[in-house]
Amino acid sequence: MLSCLISPTSGDALLLGDSIVSNPYAVKEKINVSPQETAVAPNLTIMENLILIAEIYGNDKKTARIKANEMISAFGLAEVERDMAKTLSGGMQRRLSIAMALISDPKILFLDEPTLGLDVLARRELWTAIEKLKGKITIILTTHYMEEAEALSDRIGIMSNGDLKAVGTAAELIAKTDAKNFEDAFVILASEGVVQ
Amino acid sequence: MKSMIFASRNSKELLRDPLNLAFSIGFPLAVLFLFHIIGTNVPESIFVIDSMAPGVAVFGLSFISLFSGTLISKDRTSSFLMRLFTTPLKASDYIVGYILPLLPMAIAQSAVCFIVSFFLGLEISMNVLLALVVLIPAAVLFIGIGLLVGSILNDKQVGGLCGALLTNLSAWLSGAWFDLSLIGGAFEQVAYLLPFAHAVDAARAAISGDYASIFPHLWWVIGYAVVILVVAIVIFRKKMHSDKV
């Protein structure tokens, strides 16, 4: 809903002052999304995928290429920049997907389960990349991995059955539930529906 | 302008898939050569190149639905389209972006069919250029079918529907492979309620220089093309705002 994919049945939300209901295209200019699936153009090269997204966000060809090169460098994709996206490993595709989400210089970045299906090494690499972004842009990350939420997030919102059950830091949520660790705190909050 | 950026991406996706080229160019040409060989042994008017080439051209266009449908369907199921729906692209950018690259592909495909037909005896004349123009509504119709099925079905279903059913419908019910009047009756009536036979007859009329006979048939094709395209656009736009892309 916040990424303007679906409209709310009622109410509204403002993202950096723009309404998702009355001005979704202004919102879309400020955000970018890396979906749960890698969502890359399979028969385009890594470079072409990045340029495509940069141009869609209004960059001219020259600027798009400069930004694509920056992303390729930042995400360690230089060796495969001329390869078609469909030939990349799952971890590399995920990196490309996040690079595509960042190339538009979003003020708010949505990462939907960014490490789903990745092995431990690829997951840690991605964590490092996400941690580097902290402090520069707002990141809204959805995950089913509690250790990921705890390691990466400044604030955690726990959702269950479409309801926001609690919001706080990992330490605050653990303290609130008298749990031994964050996973236990999540189970208590999600299953018992403790509302903050 | 953004629609052109998206169209460029779609062109690359389509042209870099070798199966697309094999089916769009190779398969119709194989059918053309096969019919030519049959025609040298069986003196049927349907196998005369003037009659055969337009029929095979329309049959070849049916593969355009398969390509466009598969591309759109894969974009949906891989979440690539969902990613794009969060960008500043507008509905018109998607529709133009999907349709635009396919039109020159369809015209090129028909042109290749006619050029090869020259070597099999088709007379080189301006009527062939006219036939290419007459086939444009049929191309739009098949592109519209692809947009429609790609918006609602997954790529395997698109393969079944467009790759098997539609190509067979456009072959058997178009009069491309045999004279529909040979069967006659309800079969012929049904065939002429659909646009495929009209597309073939319009192109044949253009090739033969019987200009007066083009438009009665072409209206059928244009009518179907407009209706299918409008329905496809409405459904695609609805999908854009649906929670199930």
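The classes follow a count of other C-beta atoms, placed from the backbone, within 10 Å of a residue's own: 20 or more is buried, 12 or fewer is exposed, and anything in between is partly exposed. A:Asp178 lies in the loop between helix H7 (170-177) and H8 of chain A. Although A:Asp178 is not a glycine, its phi is positive, at about 55°. Helices (H or I, at least four residues) and strands (E, at least two) are DSSP runs, numbered from the N terminus.

A:Leu16 is likewise not a glycine and has a positive phi of about 50°. The loop that holds A:Leu16 runs between strand S1 (14-15) and strand S2 (18-19) of chain A. A:Leu16 counts as exposed because it has 12 C-beta neighbours inside 10 Å.

## Numbering and confidence

Residues are numbered from 1 along each chain as its sequence is written, while chains are lettered from A and ligands numbered from 1 in the order in which they are written. Since the model is predicted, local features need pLDDT of at least 70 and side-chain atom pairs count only at pLDDT 80 or more, whereas totals for chains, interfaces and linings use all residues.

The model scores ipTM 0.90 and pTM 0.90. The pLDDT, which is the predictor's confidence in each residue from 0 to 100, has a mean of 92 in chain A, where 98% of the residues reach 70 or more. Chain B averages 93, and 99% of its residues score at least 70. Among the elements of chain A, helix H2 (residues 46-56) has the highest mean pLDDT (98) and helix H5 (residues 120-133) the lowest (87).

## Helices H7 and H8 of chain A

Two packed helices are described by the angle between their axes and the distance between the axes. For H7(A) and H8(A) the angle is about 60° and the axes are 9 Å apart. Axes are lines fitted to C-alpha atoms, for helices over the stretch in contact, and angles run from 0 to 180 degrees between N-to-C directions. H7(A) and H8(A) are therefore oblique to each other; angles under 35 degrees count as roughly parallel, over 145 as roughly antiparallel, 65 to 115 as roughly perpendicular and the rest as oblique. H7(A) passes H8(A) in a left-handed crossing. A crossing is left-handed if the near helix is turned anticlockwise from the far one by less than a right angle, and right-handed if clockwise.

On the H7(A) side, the contact is made by A:Ala170, A:Leu173, A:Ile174 and A:Thr177, and on the H8(A) side by A:Phe182, A:Ala185, A:Ile188 and A:Leu189. Residues are in contact if their C-beta atoms, placed from the backbone, lie within 7 Å. This contact of H7(A) with H8(A) has seven nonpolar, one polar and no charged residues. Ala, Val, Leu, Ile, Met, Phe, Trp, Tyr, Cys and Pro count as nonpolar, Asp, Glu, Lys and Arg as charged, and the others, Gly among them, as polar. A:Asp184 is placed in helix H8 (residues 182-192) of chain A and, with 14 C-beta neighbours inside 10 Å, counts as partly exposed.

## Helix packing in chain B

Helix H3 (residues 49-77) and helix H12 (residues 195-208) of chain B pack at an angle of about 140°, with their axes 9 Å apart. H3(B) and H12(B) are therefore oblique to each other, and H3(B) passes H12(B) in a right-handed crossing. By class, their contact has nine nonpolar, three polar and two charged residues.

H1(B) packs against helix H5 (residues 91-99) of chain B at an angle of about 40°, their axes being 8 Å apart. The crossing of H1(B) past H5(B) is right-handed.

## The contact between the chains

In the contact between the chains, 19 residues of chain B meet 22 residues of chain A. Helix H1 (2-15) and helix H4 (80-85) of chain B are the elements that give two or more residues to the chain B side. The largest share of that side, five residues, comes from H1(B). The residues of the chain B side divide into six nonpolar, five polar and eight charged.

Definitions and conventions: Two residues are in contact if their C-beta atoms, placed from the backbone, lie within 7 Å.
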